[in-house]
Structure formats: structure tokens, C-alpha cells
Amino acid sequence: MSPEEASLVKYCHIHPTRETLRSCSRCDRPACASCLRDAPVGQHCTVCLKEAAPSTKTQVIRNAKVSKARMTNMDTPITQGIIALNAAVFVMTELLQRWKTLDFGVIASIPSARGGAGGVANGEVWRLVSSGFLHFSILHIAFNMFALLQLGRFLEPALGRWRFIGLYFVALLGGSLGALLFEPYGLTGGASGAVFGLAGAATIAMRQRGVPFNSTWGPMLLINLVITFSIPGISIGGHLGGLVFGVIAGGVLMHPRYRGRDARRDVAVVVAMGVVAIVLAIVVSKSPVNGTGLWPQD
């Protein structure tokens with residue numbers, strides 16, 4: 001080494017025993033080849049790269065926003081199909097009402113109508129599902145379908161089509177169970193129980209990934225819970241039941257460690273929760289102690 005080169009030799013600020021002729025273009029401190037990384041301008045040492053990197057919390061939030069933006073533009077056939085089915089049922093029920101040929105009690109989720117005719121308690125278990133597609137006004141269906149569209153754009157691409165269907169119907173059945181628990185003789189219908197379940201699943205999924213509760217679906221969920229308890233006529237049991245079942249199912253199906261690894265396990269979770277909701281709904285509807293419900297509306 002010539003005297004001129006020897007005078008230029010410095011020691012890496014990360015590895016003090018290593019000689020180097022190079023330096024970081026950001027902090028201008030000497031650094032060896034193993035400590036330098038290519039940058040848009042020059043090379044940066046690993047210390048500078050670490051200092052310039054956003055925090056883990058910021059990265060998670062940024063990635064979540066990017067994923068959400070990408071998912072928004074992806075095809076969501078199941079979400080669109082459920083919305084179309086709800087719209088078709090709404091149009092049909094509106095026409096049948098005008099022709100005086102429809103009684104909402106025929107498909108509403110009630111254990112037994114006053115007077116003892118029909119209901120889940122008398123074997124009409126299909127009401128637990130049909131009630132989730134029944135809406136009483138244009139505002140009712142518009143609000144539910146808008147929320148379903150937003151949540152479906154986020155959840156369906158993340159879960160996959162079949163898991164999304166499973167999550168939706170688990171939340172729907174949970175909402176019907178909640179309606180029977182809280183308002184056994186209420187005329188209950190709408191997709192809001194399932195929508196609350198999807199909102200709960202989205203919130204818990206983002207929380208599992210380190211995203212703060214107040215940065216994504218959390219505030220929307222809280223606002224709707226406040227509305228649920230504040231405005232008369234809203235099915236409190238339907239919303240809470242859908243939320244509880246959606247949070248549990250979503251927490252399992254979308255857990256970062258296990259998501260998508262075992263299809264049989266996911267099917268078992270969905271089927272088991274659906275069966276539990278149906279069995280409990282039948283038991284509750286036949287129970288003589290459930291005459292007034294947990295939150296009577298009258």
C-alpha cells in the first residue's frame with residue numbers, strides 16, 4: 001500500500017477493526033463493504049438504513065392501507081352476489097306487499113308468532129336464514145348493502161370465496177340467535193347481523209396484525225354499536241349476536257399464523273359454529289323462560 005493510500009485508510013464505524021476506503025453517502029462515516037447497502041443515491045450504512053426506516057407500527061398501517069386499496073379493485077363475486085340476492089328479495093317483497101299477498105311474519109326470524117302460529121319453535125328453522133335477506137325499507141337495505149360492499153371488498157380477497165361465504169353465514173346465524181335471545185317476539189329481519197359479524201372479523205384481523213383499533217374498522221364499529229343502543233326499533237340482539245360470532249370465526253379464519261393453511265380445519269370451524277348457532281336458536285325458541293327476552297322492545 002502506498003503512503004498516499006495508507007493516509008486514506010479509515011476504520012469502519014460499525015466494525016472498528018476493519019479497514020476501509022469507503023464511507024456512507026448519508027452520514028459520511030467510514031464503513032466496510034459488509035455494512036454498506038445500495039441506495040437511490042450512493043450507498044448507506046446499516047445504521048442509517050435502520051434510522052431512516054419507518055417504525056413497525058407505521059409499516060403495518062401502510063401495508064394495510066396498500067392491501068386495502070388493492071383489494072378494493074379486485075373482483076368480489078360473492079359479495080356482489082349476496083347484494084344482488086338481497087336486492088332481488090327486497091323487490092319481490094315490495095311487490096308482494098303491494099299485492100297484499102305477503103305477511104312479513106312468514107319469513108321473519110321469530111320463535112313463534114303471537115297466537116302460536118309458525119316460527120322457529122314450531123320447526124321453521126329456515127327462518128334463521130331467510131330473515132337475513134328481509135329488509136323493511138329502501139333505507140334499511142341501502143345502508144346494509146353499502147356496509148356489506150365495503151367490508152366484502154376487504155374480506156373476500158383476503159379470505160377467499162368459500163371462507164368468506166362461511167364467515168358471512170356464521171355471522172348471519174349468530175345474528176338470528178341474538179335476535180331470538182333479546183326479542184323473542186320481535187319482527188326481525190335484515191343483513192345487519194351478518195354485516196356486524198364481518199365488521200367484527202375485519203377489526204379483529206387487523207388487530208391481530210398489530211394495527212391499532214382506531215385506525216381501521218374500529219371507529220365504524222363503535223359508532224354503529226352506539227346507534228344500535230340509541231335508536232328504537234333496531235335489533236340489538238341481532239347486531240350483538242352477529243358481532244360475537246363474526247369475531248370468533250374471523251379470528252380463527254384470518255389469524256396470521258394459520259390463515260389458509262388447513263382448509264379442513266376452517267370448514268370444521270365454520271360448520272361447528274353454524275350448528276351451534278342453529279341448535280341454540282332452537283333451544284332458545286322453545287324455552288318457556290324466554291317469553292320477554294333480554295331486551296324487550298314493548
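## Aromatic cluster

Phe133, Tyr168 and Phe169 form one aromatic cluster. The structure is a predicted model, in which local features need pLDDT of at least 70 and side-chain atom pairs count only at pLDDT 80 or more, whereas totals for chains, interfaces and linings use all residues. Residues are numbered from 1 along each chain as its sequence is written, and side-chain values use heavy atoms, with hydrogens and water left out.

A pair of aromatic rings is described by the distance of the centres and the angle of the planes. Rings of Phe, Tyr and Trp (its six-membered ring) pair if their centres lie within 6.5 Å; planes under 30 degrees apart are stacked, those over 60 are edge-to-face, and the rest are tilted. The whole structure contains two aromatic pairs by this rule. Phe133 and Phe169 form a tilted pair, with 6.4 Å from centre to centre and 40° between the planes. Phe133 lies in the loop between helix 5 (127-130) and helix 6 (138-159), while Phe169 lies in helix 7 (residues 161-182), so the pair ties together parts that are 36 residues apart in sequence. Phe133 is buried, with a relative accessible area of 8%, and Phe169 is partly exposed at 30%. Here buried means under 20% relative accessible area, exposed means over 50%, and partly exposed is in between (1.4 Å probe, protein chains only).

Tyr168 and Phe169 form an edge-to-face pair, with 5.7 Å between centres and 80° between the planes. Tyr168 is buried, at 0% relative accessibility.

## Overall architecture

The protein has 11 helices and four strands. These elements are DSSP runs, numbered from the N terminus: helices (H or I) have at least four residues and strands (E) at least two. Of the 298 residues, 42% count as buried. Among contacts (heavy atoms within 4.5 Å) with a separation of 6 or more, 63% come from residues 24 or more positions apart.

## Helices 10 and 11

The axes of helix 10 (residues 236-253) and helix 11 (residues 263-286) come within 10 Å and cross at roughly 170°. Axes are lines fitted to C-alpha atoms, for helices over the stretch in contact, and angles run from 0 to 180 degrees between N-to-C directions. The crossing therefore makes helix 10 roughly antiparallel to helix 11; angles over 145 degrees are roughly antiparallel, under 35 roughly parallel, 65 to 115 roughly perpendicular, and the rest oblique.

Helix 10 contributes Phe245, Ile248, Ala249, Val252 and Leu253 to the contact, and helix 11 contributes Arg265, Asp266, Val269, Val270, Met273 and Ala277. By class, the contact has nine nonpolar, no polar and two charged residues.

## Cysteines

A disulfide is a covalent bond between the sulfur atoms of two cysteines. With a cut-off of 2.5 Å between the sulfur atoms, the count comes to zero disulfides. Cys24 is in no disulfide, and the nearest cysteine sulfur, that of Cys27, is 3.7 Å away. The sulfur of Cys27 is 3.6 Å from its closest cysteine sulfur, in Cys48, which is too far for a bond. Cys24 is buried, with a relative accessible area of 1%, whereas Cys27 is partly exposed at 26%.

## Thr79

Thr79 is found in helix 4 (residues 77-98) and is buried, with a relative accessible area of 0%. Leaving aside residues up to four places away in sequence, Thr79 touches Leu148, Leu149, Gly152, Glu156 and Phe164.

Technical notes
Nonpolar A, V, L, I, M, F, W, Y, C, P; charged D, E, K, R; others polar.
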